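Subject: Structure handover

Hi there,

Here is the structure I promised to pass on to you. Please have a look at it first, and then read on for my notes on what turned up.

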Amino acid sequence: MDINFSEAELAFRDEVRAFLKDAWNEELASQAKQPGSYKDVQVAWERKLNSKGWAAPLWPVEHGGAGWTPTQSYIFENERAAVGAPDVSPFGLKMVGPVIYSFGNDAQKERFLPRILNADDWWCQGYSEPGAGSDLASLKTKAERDGDHYVINGAKIWTTLAQHANWMFCLVRTSSEGKPQQGISFILIDMTSPGITVRPIVTIDGEHHLNEVIFEEVRVPVENLIGEENKGWTYAKSLLAHERTAIAGVADSKRNLAEVKKLAAAEVNGGRAMIEDPIFRQRICDIEIDLMALEFTELRVLASMSKGNGPGVESSLLKLKGTEIQQSIQELKLDLAGYFGTVVQDGASNEQVGHDFGDVARRGFMMSRAATIYGGSDEVQKNITAKFVLGL
Amino acid sequence: MNFDFSEEQQMLKDSVARFVQDEYDFEARNKVVANEAGFSDENWQKFAELGWLSIPFAEDLGGFGGGATDTMAVMEEMGKGLVAEPFAASVLMFGGLLQASAQSEERDALIAAVIDGSLQGAVAYAEPQSRYELKDVKCAAKVEGDTYRLSGEKSLVLNAVSANKIIVSARVSGDQNDEQGIALFLIDADAEGLSKTALRTMDAQLVANLKLENVPAQAICGADEGLAMLQQMRQQLIVALAAEALGIMEKLNATTLEYCKTRKQFGVAIGSFQALQHRMVDTFMAAEQFKSILYRAVCSIEQNESADSIEINVAALKAMLGKAAKHIGGEAVQLHGGMGMTDELDVGHYVRRLLSINAAFGDGDYHQQRFANLSLAS
Ligand SMILES: Cc1cc2nc3c(=O)[nH]c(=O)nc-3n(C[C@H](O)[C@H](O)[C@H](O)COP(=O)(O)OP(=O)(O)OC[C@H]3O[C@@H](n4cnc5c(N)ncnc54)[C@H](O)[C@@H]3O)c2cc1C
């Protein structure tokens with residue numbers, strides 16, 4: 001039982017702080033507040049990380065990773081979130097990158113990994129289909145071999161930020177024999193190929209994050225197949241495990257809760273600040289206590305992994321608890337905004353609205369509802385925990 | 001003991017339900033809210049012809065003489081259709097305050113014009129700093145001869161863009177949070193010195209922020225009567241909006257249940273998973289409990305219970321509304337999976353209306369504290 005940082009770790013923390021001060025500067029931070037700036041800010045930010053060698057610190061060093069210990073990673077995450085710098089876009093760095101270095105061939109590694117590290121490509125994830133959500137293995141998008149190409153027909157849905165993407169990593173059906181999982185392949189698709197249509201889906205926050213992607217006779221070179229044909233499910237599963245730990249978001253929740261406390265001190269009702277309001281105080285404290293525990297749950301997972309053991313049973317609750325806490329914090333913020341949480345700002349200035357966080361709170365609350373749906377829904381996570389952790 | 005609607009109330013409820021079914025499906029409703037005014041004038045005239053705009057007004061004012069039960073019957077069905085026409089803002093709020101104000105020829109003429117659909121009204125009570133406190137009023141009223149001049153700001157005023165007349169709360173005397181010294185005033189919507197910034201809310205309503213600079217105004221109550229009138233209006237509106245919320249909760253539960261019966265994953269309907277069945281039983285129970293507390297509040301009003309007893313019931317109602325709205329709305333989205341996140345589906349629109357009703361006149365937490373103050377004090 002020892003949670004003190006070593007001298008070396010403290011020195012690392014100072015290095016992170018110095019880096020952030022320079023890299024996440026005023027200019028980038030204020031650009032990030034502009035509507036429609038998301039992609040440009042992400043790319044600029046990820047390139048700064050890459051030039052420091054920190055774009056994908058957990059990748060193996062030979063592929064461009066930083067060789068960080070779990071403790072270093074924990075320190076970085078906390079410092080990053082504390083200054084309000086965003087997490088990296090997950091699709092390249094956290095999802096397809098690890099699949100490529102684990103299962104891809106040398107040519108693929110050479111071609112894609114440096115471009116992923118430097119945010120030269122924008123990746124999207126083509127898994128879900130209208131008929132295949134939680135039951136992903138029932139996916140139907142077909143890839144048929146024709147000489148040196150696969151010909152792809154079908155439709156993907158809920159594809160996050162496909163409107164920005166020039167590459168998609170995609171699960172396709174290459175065989176209908178055996179169990180559904182056995183006929184799935186993992187393939188990389190150039191989004192500029194003829195026959196691809198990207199249609200926007202507007203979400204309940206009124207924004208365009210999601211898309212439907214239609215494939216009509218899309219020709220993809222065979223060299224874009226990862227690993228072996230019909231083994232895609234195994235590769236995808238290793239990636240899903242990755243997605244599920246990254247999703248807990250403890251450091252960002254700490255920052256968001258701290259922000260809510262600050263806002264609650266300034267928001268007044270009937271002469272009393274909301275931070276003095278008994279019910280609001282209790283809600284803040286309930287969440288904070290849960291978050292304090294979750295932080296240590298995450299540390300237990302990290303400690304176990306740094307000893308070379310598996311992540312342990314407690315890792316199963318990272319996403320479940322993490323997303324519950326994220327949603328509760330967004331709910332606090334929405335409620336704190338009062339009437340102004342209902343406003344759709346749509347280009348009006350804060351001055352015209354008469355408030356400065358209602359619109360952000362509304363959008364944040366609405367989108368936070370998706371956190372218990374994507375990356376394995378709450379219900380599916382609990383089914384998995386019941387089966388594999390509790391043995392039911 | 002009888003919780004049935006009277007024959008007349010049932011007819012009223014059915015007529016709203018029929019309108020929603022025949023003329024106000026989700027597609028039609030989306031066209032209506034896309035209007036510049038945020039609602040359809042044609043529908044408004046139809047409401048007038050059907051007599052709905054006369055419901056809360058006394059018979060000797062040309063009204064239907066309806067009570068809380070009648071309003072509840074109408075609002076529940078309007079909730080199911082997400083009706084955007086400003087029934088609550090113009091008829092219940094504006095009309096309600098007029099009816100509660102001192103009798104005069106002008107007042108009666110205004111009420112007649114609300115009833116025949118020729119006049120739209122709005123009530124401006126919230127201010128940028130006031131949050132949910134009706135008594136937090138900075139907008140100032142200065143006497144000028146036998147009229148007044150108002151200066152200050154009002155926030156997110158429902159229907160202010162279409163209104164011909166607006167009732168404004170303003171301070172005649174005292175400090176920002178004093179309960180005394182607040183009166184209500186009538187102003188023309190095109191009065192000199194009044195400027196509006198129109199905004200949309202997440203439930204597709206059109207609201208406006210008002211800036212008043214020496215706007216000529218006419219008092220409609222005494223200097224110490226304004227707060228009590230606003231509180232009375234809040235009480236009536238909470239009950240009405242709760243009925244709308246009930247309609248929405250029932251609709252969301254029905255839609256979600258239907259989806260779970262038809263959506264298949266793993267080769268079976270997702271409604272066959274016990275994890276989801278229990279959740280749907282929970283949302284079903286939440287809606288039924290909410291209906292009960294609504295009936296309780298309505299009965300206490302209809303039976304003229306003591307003012308304290310009514311206030312306790314209404315605070316309890318609004319406190320439960322906040323919890324049930326988030327619970328039922330949250331589950332509706334969750335159980336629809338990715339579909340629940342789309343703006344194309346009606347589910348998100350109902351959820352946003354519920355959240356907006358939660359914030360109206362004080363959210364669940366605010367009324368839970370009012371409930372505590374009232375209930376633990378006695
Ligand atoms: C904002 C957002 C972003 C997304 N981004 C992407 C992306 O970039 N790429 C991509 O491929 N996909 C993406 N998805 C899709 C996401 O992975 C799916 O929505 C998810 O897998 C659920 O599938 P579904 O939407 O079809 O819901 P369904 O599977 O139909 O589920 C509906 C409901 O049934 C429940 N349910 C299903 N099975 C069971 C069971 N066995 N037991 C109990 N309950 C069950 C679910 O939990 C849910 O509540 C995104 C989704 C969202 C909302």
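**A strand pair in chain A**

In chain A, strand S6 (residues 196–202) and S7(A) run antiparallel to each other, joined by seven bridges. Please keep in mind throughout that this is a predicted model. One of the pairings to look for is A:Thr197, whose bridge partner in S7(A) is A:Ile214. S6(A) and S7(A) make a hairpin with five residues between them, and A:Gly206 in the turn has a positive phi of about 85°.

S7(A) also takes part in a salt bridge. The whole structure has 43 salt bridges over all chains, and one of them joins the side chains of A:Arg219 and A:Asp146, at 3.0 Å from N to O. A:Arg219 belongs to strand S7 (residues 208–221) of chain A and A:Asp146 to strand S2 (residues 142–146) of chain A, so this pair ties together parts that are 73 residues apart in sequence.

**The two chains**

Chain A holds 13 helices and ten strands. Its C-alpha trace spans about 75 × 50 × 50 Å along the principal axes. A compact globule of 392 residues would have a radius of gyration near 21 Å, and the 22 Å of chain A agrees with that.

Chain B holds eleven helices and nine strands. Its C-alpha atoms fill a box of roughly 80 × 50 × 40 Å, again taken along the principal axes. For 378 residues the globule estimate is a radius of gyration near 21 Å, and chain B, with 21 Å, agrees.

**Where they meet**

How much area do chain B and chain A bury between them? The figure is about 3,900 Å², with 58% of it on carbon and sulfur atoms. Of the area that chain B buries against chain A, 20% comes from B:Arg131, B:Gln334 and B:Met341, more than from any other three residues. The contact takes 49 residues from chain B and 49 residues from chain A.

Which elements of chain B give two or more residues to the side that touches chain A? They are strand S3 (147–158), strand S6 (194–201), helix H8 (274–302), helix H9 (307–335), helix H10 (346–359) and helix H11 (364–377) of chain B. H10(B) gives the largest share of that side, six residues. By residue type, the side of chain B that touches chain A divides into 17 nonpolar, 21 polar and eleven charged.

There is strand pairing between the chains as well. Strand S10 (residues 343–344) of chain A pairs with S6(B) in the antiparallel sense over two bridges. Within S6(B), B:Arg200 stands opposite A:Val344.

Happy to go through any of this with you.

Best wishes

How values were computed: Residues numbered from 1 in each chain as written. Chains lettered and ligands numbered in written order. Predicted model: local features only at pLDDT ≥ 70, side-chain atom pairs only at ≥ 80, totals over all residues. Heavy atoms only, no water. Contact = heavy atoms within 4.5 Å. Buried area = accessible area lost by both parts, 1.4 Å probe. Helix = DSSP H or I, 4+ residues; strand = E, 2+ residues; numbered from the N terminus. Nonpolar A, V, L, I, M, F, W, Y, C, P; charged D, E, K, R; others polar. Pairing = 2+ DSSP bridges. Rg over C-alpha atoms; globule rule 2.2 N^0.38 Å. Salt bridge = Lys/Arg side-chain N within 4 Å of Asp/Glu carboxyl O.
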